[in-house]
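Please work through the exercises below with the sequence and the model open beside you. Each task is followed by a solution in steps.

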Amino acid sequence: MDDERFRSLKNSLQTVAETEELVGFLEEQGTFSFPALENGLFPAAIAHESTGYQSIWVRDNIHVAHALNAVGKSGPACRAISTLTEYFIKHRDRLDQIISGQASPSEVMKRPHIRFDGNTLGEIDEKWAHAQNDALGYYVWFYCLLLTQGKLEPVSGTLDLLAAFVRYFESIRFWKDADSGHWEEARKIEASSIGTVVSGLKMLKRYLDQSGNWSQFRYAGTPVSADAVDSLAQQGQAALDEILPAECIQADPLLSRKYDGALLFLIFPLGLIQGELAETIMEDVRSHLMGDYGIRRYLGDSYWCADYKEMLGEEDRTVDFSDDQSSRDKLLKPGQEAQWCIFDSILSIIYGQRFLQSENQEDLEKQRFHLDRSLSQLTTSESVFGPYKCPESYYLEKGRYVPNDITPLLWTQGNLMMALQQWKQTLKAPSDN
C-alpha cells in the first residue's frame, strides 16, 4: 500500500538514500509536478477556476522558480523569469507614468499589475490590490540573482527596465509606502514588503558590480549610480530597523501587527535578516502562529476561517478585500484562523542552514520537527483532491481541519522540495560522532 510505504519512508529519513527514496516516491505521485503555460509561467494552483488561482501572480512565480533553481532545475526557472521580464517590459508604462507623476501611486490600478493573464501577458480588467511592493522586489531580486549566477543573460531592455524599477521604488518612497503586501489585504507600512525591495536593490547592485554594467545603467538617458541604489537600500534598512521584529507598528490597531509569517521570507530565501533578529522572528512565529496542522499567516486572519465555504459563495471567496475586509473579519472566531502549509518547510530550511553553521543539536531537531510537519500536511488517500498533494492551508470545516480548495498550491510544493533538499545537505555534513 502506498500509504504504508509513505509512512515508513517519512518516519525514517536517516540517510541520503532514504531521503532520495521518499523524494522519488513523491515525484511518482505527482507531488512535485509544476505544470506551466507554454511560455513557462506557473499558475498559482492547479485548482478550479472559481478560486481565481489559474491567474498568474508575480510573487508565486518567483517563489516557485526560485525553488526549482535551488534544487538544480534552472531551465524552467529561467523560462518563467524571462517571460515575466517580457511582461514587465510590455507594461513598462506603468512604472514610467508613476515616476513622471502622470499617475498617482494612490490609485492602485495605475500601479504595475502583479496578477495578470499568463497566456496573453495582458492585464486583467478587474479591481485588484496591485499595490504590492514585495512582488516587484522579488522580481528584481530573483532576476538579478539568475543574472549573477550566469544562468541568464540580459536581453534588450533589461537594464532600462531595472533602472525604471529603481526610480519607481524611489518615487513611491517604498520605505514608507503603504502596500497590500504578501497577503493582498489592507494597505499598511509593512516590514516584509520593505525588506523584499531592499533585497532586490542589494542583488541588483551585486549584479551591476559583478558585470561592470554601471555605465549602461540609465533611466530616460540619465545615469542611475551605485550611490543612488545604495542610498535607496539604506532608506529601506533604516525603516526596517524601526519596525522589526514586528510586521507593522502603525498606531491604527487595524493595521498594527506584531507577528506575521511573511517575515520568515526575509530570512529565507532572501537572507536579509540573520542572527538574533532572525531567531526572534522564528520564535515569534513558533510561539504565536503555529497550530496543530500548519502555521497561521497572522493572528486575526479571516481568509479561509472556520466554515468559510458555508458563509461565502464561490464568487466572494477570493475577491479583493484590500479596501475593506471588515465584513470578512466578522466571520472569524478567535483561534480559528486557517493554518498554512508554506511556512513549516521554510522554518525547516532555516534551521537546517543554521545547523550546518552551528552544529547545534537543537537546530537539527527543529529542522527535522518542521520537516515532519510539512510532510504530515500532504493530503491522504481519503482526500477529495487525491493523495500526496500540497495544500495552501488547512481550515475548520464542520469542526475538523481539512485542506482548503487551493490544493495543490505550487508555492507549498516548492518549499517542501527545498526542505527535503536541505535535509539531504544536513545528512551529508561531516559528523564528529
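**Exercise 1: a sheet**

Two bridges connect E6 with strand E7 (residues 393-397), and the two run antiparallel. The model is a predicted one, in which local features need pLDDT of at least 70 and side-chain atom pairs count only at pLDDT 80 or more, while totals for chains, interfaces and linings use all residues. Residues are numbered from 1 along each chain as its sequence is written, and side-chain values use heavy atoms, with hydrogens and water left out.

Task: state in which order the three strands form the open sheet, and which are the edge strands.

Solution: Strands are DSSP runs of E with at least two residues, helices are runs of H or I with at least four, and both are numbered from the N terminus; two strands pair if DSSP finds at least two bridges between them. The order is E6-E7-E8, with antiparallel pairing. Strand E6 (339-340) and strand E8 (400-403) are the edge strands, each pairing on one side only. Gln-339 stands opposite Tyr-394 in E7.

**Exercise 2: two helices**

Task: classify how helix H1 (residues 2-11) and helix H14 (residues 361-376) cross.

Solution: Their axes (lines fitted to C-alpha atoms over the stretch in contact, with angles from 0 to 180 degrees between N-to-C directions) come within 11 Å and cross at roughly 170 degrees. H1 and H14 are therefore roughly antiparallel to each other, the class for angles over 145 degrees, whereas under 35 counts as roughly parallel, 65 to 115 as roughly perpendicular and the rest as oblique. Phe-6, Lys-10 and Asn-11 of H1 make the contact (heavy atoms within 4.5 Å) with Arg-368, Asp-372, Leu-375 and Ser-376 of H14.
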